Amino acid sequence: MSNFKVELKKVVDDSYEIEIGYELEQKLIDDLKAGLVGKISKFVVVTDSNVKELYADKIYKMLEEAGYKTDLISFPAGELSKTRATKEYVEDTMLAKGYRRDCCIIAVGGGVVTDLAGFVAGTYGRGIPFINYATTLLAAADASVGGKTAVDTPLATNLIGLFNQPQKVYLDIATWKTLPARQLSSGMAETIKHACLAEKGVFFDFLEENMEGLLALNPALCEHMAEQNCSIKYHVVMKDERESGLREVLNLGHTVGRAIETVSDYRLLHGEAVSIGLVAQLHLACRLGYVTKEQADRVTALLERAKLPVQIPDYIDREALVRKLYTDKKVKNGQLRFVVQKGIGDIVEFEGGSFATPVTEETAREIIMEMR
């Protein structure tokens, strides 16, 4: 009998730059020419049916004009496309067009596009580089920072995926002008979530003072908001890239949020579902004594000013929603766990360094029944 140990210790630098600005398409091309992804000269633009004509076609043509081999792959817009079947479609299309390991994916779109394209890049040829060109506030606030990539399943969202960091992220604020008002508000939910868990309330105060200007896309306000979103998420991800502890705080509002998103059959946008989840979390935080009623009212009022829902719609089956809570990734040993904010701008760290606390099904049910 023999034993052979395979030593594979290594240090990997997954650092990347996030560029925030306006009309960054030419900057993307210039960066590629300057060696952003080395000597790669083959690019696949992955996008959705909404973003294709707005921005992806332009980037595709600019790549062609710069002399690169390139193809564009588009799929129907919306969360319902964030599936293994769509991932397979993108992969099979790339294979049919002759792309192998010597290529790079450029994801142009919102969170669905960046999540799915990043997942494809992580598995295609056992891993190829990718770049995110984010065109929504939701992607700027959440999906483009941190390296989480995934697809949804009929059971729940984001259950199959991997951590995969991009080569660079471009947050093009100019693209927000073509967002429907509902999509802009949806992105604001993740922004308010960040303000609830960090910066000791400073960012929250900024949002309170400037919500209408932000929704009107005031350039200076939007740039500051984008920078703060990136900074808050970065300082969490930097300490816990693989979600072994601290990174759980970014799930604030998501236990109920992800469940209601699925139970609504995606009639609710992600941010709308997270908004409702944040309010459910506030009910719990008040019960546990970590948030006052006045503080909870402030958060709820800000969500409403952002034109986000704060109650569970009547068409949602409440018992189905309670059952769906058990698909949350924070569930351990069959027990529900919630991340809880502390006042405004902080998060509760529980005993043993945990950032989520067990909650009984009955307590969760009572909160859900209260939100009518």
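Residues are numbered from 1 along each chain as its sequence is written, and side-chain values use heavy atoms, with hydrogens and water left out. In this predicted model local features need pLDDT of at least 70 and side-chain atom pairs count only at pLDDT 80 or more, while totals for chains, interfaces and linings use all residues.

Reader: What makes F43 and Y68 an aromatic pair, and which kind is it?
Author: Rings of Phe, Tyr and Trp (its six-membered ring) pair if their centres lie within 6.5 Å; planes under 30 degrees apart count as stacked, over 60 as edge-to-face and the rest as tilted. F43 and Y68 are 5.0 Å apart centre to centre with 80 degrees between the planes, so the pair is edge-to-face. The pair links distant parts of the chain, with F43 in strand β2 (residues 42–48) and Y68 in the loop between α2 (51–65) and β3 (69–75).

Reader: How do you know that the charged end of R267 sits over the ring of Y315?
Author: A charge sits over a ring if NZ of Lys or CZ of Arg is within 6 Å of the ring centre and within 35 degrees of the ring normal. The charged end of R267 is 3.6 Å from the centre of the Y315 ring. K87 lies over the face of F119, at 4.5 Å from the ring centre.

Reader: Why is α4 described as largely enclosed?
Author: Of the 13 residues of α4, 11 are buried, so the helix is largely enclosed by the rest of the structure. Among them are G111, D115 and F119.

Reader: What makes β4 and β5 paired strands?
Author: Two strands pair if DSSP finds at least two bridges between them. Five bridges join β4 (residues 104–109) to β5 (residues 130–134), so the two are paired, and they run parallel.

Notes. Buried means under 20% relative accessible area, exposed over 50%, partly exposed in between (1.4 Å probe, protein chains only). Helices (H or I, at least four residues) and strands (E, at least two) are DSSP runs, numbered from the N terminus.
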